[in-house]
Amino acid sequence: MRIDREAQWHILLGGALLLSLLPIAFAIANSFKELSEAYNNVFSLIPEHPTIGNYLLVFSRLPLGQITANTFMVALAATVFKTVTSALAAYAFVYFDFRGKNVLYFILISTIFIPFTVTMIPNYLTISQLGFRNNIIGVILPQLSDATGIFLIRQAMRTIPRSLIEAARIEQAGHLKILASIVLPLIRPAVVSTGIMFFINSWNEYVWPVLILKDKVNYTLPLALQLFISSEGGTDFTIAMAVSVITMIIPLVLYLIFQRYIISTFTSSGVKG
Amino acid sequence: MSGNALLAYGFILPSLLVFAVFMFYPLLYTVYLSFFEWNMIKPVKAFVGWGNYIALLQDPLTYVVLKNTFAYIVILLLLNCAAPYILAFILSFVIRRGRDFYKSAFFLPSVISLVVGSILYLWILNPISGPVAIIAKFFGITIPVWSKTQGLVIGVLSIITTWKVFGYNFIVLFGGITGVPQEVIEAAKIDNVPLHRIFLDIVLPMSSATGVYIFIMTIVQGLQYVFTPIKVVTQGGPDNASSNAIYNVYQEGFTLYHTGYASAFAIVTMVLFVVLLLAEFKYVEKGIYYEN
């Protein structure tokens, strides 16, 4: 049998895709299995005797409702603040001319390349002095603005014709009003996908919360999940899979809903000018 | 253009404030701390001049960590820069159907926590009961205890990181490659230029601005991403064989409380990054092709 070239490529791509997506399917499937079934039949993607026992057990062992609420609060606060501060800054960089504009933009954007190790010790001290250690406010504070956000929203704003803004200025519209009622609606897909990515990244954030949060009631989901890791993979891995599913379900659903926006925003974020 | 400078600064101020407090001030303060011996608790910091930097140069662990960091960089560049570049090329110019589907599907793991990734792979690659071990056993192969095997451990932790980062890099590179005109590729195909030559001689140079960006991000961000699997899976072990320049700063700073030493190490890491970036820019600047 001859297979045409296009089909050969699809087999290759499909294989690669399977490698990256199967782990997720396995996690979901095994989180609904009893431990004995999971050991005897790891590969089946449909549990023979589906059970939510693992989920119930997790909720009895950990204040998981509180932990999920913490994660949500942190992600929501980071998303709102980052989106607002990024949009404001991006607007200034696109529609104002002022001394030092390019230098300032360059400095802000270069912070993308600064490793977190260079700032984490002083930031830990700052948060401690403010009394926000072991508190989700301490997790939120450094996440109030974002260089990548400024970059992405600026890229989108640059596609709006300047004449549109100038016309609104002639009509005596204030800059905040122009930003809110003309600019943001025009670049909605970019703003929405940037916001969704803020939310997802903050939801998944591990390094900073692990330094700041000490008690389980204050944990975020990735920290709770970490409790189920033992170097050998653990004896009760069906429970670990249940916590994994709880941790990834919100980002996955958000992605599935907004994937068109997200893909197109990041596709057009290639370095241009 | 309309508007005055004061108003512009007002728009930037909220961001600037956050950056000042949590980025620029800490950067300078870390430089300051690197000249002191301290443990974050003692009321007095002891000034030691270049002492931490000298100690760092004399510590054999530094060279182990730098060697590991280099190994991570090489593996990450292959898996997270070269591989997604080739994939983006195949999707853009080689195949005709299913482009949007592949884009969405390959990006998907990028939205999942690396702690989830770590725990999934710990189980999948579990040497005794994991799915891979079961398949391997069928063929009479045993899986080594990779998390405790020097050399192997860096590879596996890099793969875990790749699982998350690959999709994002792929999408951005795909965007860069779409800047290459389709007609140029079609013309080359008609002339029977082999695919790998089209990739190396046409696509790579014509998308190099995005390529350089992903190259740099793979190194700078990649090493930071690897931190999570290192922290949750091996804690740098066995015998520091999986520690890198980022993890080592955490280890020194937050488990051993060598605050000054950790700060010095962080600064050295950043300087190495900057040197690397400048070298990279100098090297590629001449041949770079800006899409617009």
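## Chain A: helices throughout

Chain A has 14 helices and 0 strands, where helices (H or I, at least four residues) and strands (E, at least two) are DSSP runs numbered from the N terminus. Reading along its sequence, you get α-α-α-α-α-α-α-α-α-α-α-α-α-α. What you're looking at is a predicted model, so to speak of its ground rules: local features need pLDDT of at least 70, side-chain atom pairs count only at pLDDT 80 or more, and totals for chains, interfaces and linings use all residues. Residues are numbered from 1 along each chain as its sequence is written, while chains are lettered from A and ligands numbered from 1 in the order in which they are written.

Along the principal axes, the C-alpha atoms of chain A fill a box of roughly 70 × 65 × 35 Å. Buried residues come to 44% of the 273 in this chain. Buried here is a matter of counting: 20 or more other C-beta atoms lie within 10 Å of the residue's own, with C-beta atoms placed from the backbone (exposed means 12 or fewer, and partly exposed is in between). Two residues are in contact if their C-beta atoms, placed from the backbone, lie within 7 Å. Among the contacts in chain A with a separation of 6 or more, 76% are between residues 24 or more positions apart.

Chain B has 12 helices and 2 strands. Starting from the N terminus, its elements go α-β-β-α-α-α-α-α-α-α-α-α-α-α. The box for its C-alpha atoms, again along the principal axes, is roughly 75 × 70 × 30 Å.

Of the 292 residues in chain B, 42% are buried. Take the contacts in chain B between residues at least 6 apart in sequence: 72% of them join residues at least 24 apart.

## Where the chains touch

The contact draws 73 residues from chain A and 83 residues from chain B. On chain A's side, several helices supply at least two residues each, among them α1 (5–31), α4 (64–95), α11 (188–204) and α14 (237–267). The top contributor on that side is α14(A), with 12 residues.

Sorted by class, the side of chain A that touches chain B holds 44 nonpolar, 22 polar and 7 charged residues. Nonpolar covers Ala, Val, Leu, Ile, Met, Phe, Trp, Tyr, Cys and Pro; charged covers Asp, Glu, Lys and Arg; the others, Gly among them, are polar.

## How confident is the prediction?

The model scores ipTM 0.91 and pTM 0.92. For chain B, the mean pLDDT (the predictor's confidence in each residue, from 0 to 100) is 90, and 96% of its residues reach 70 or more.
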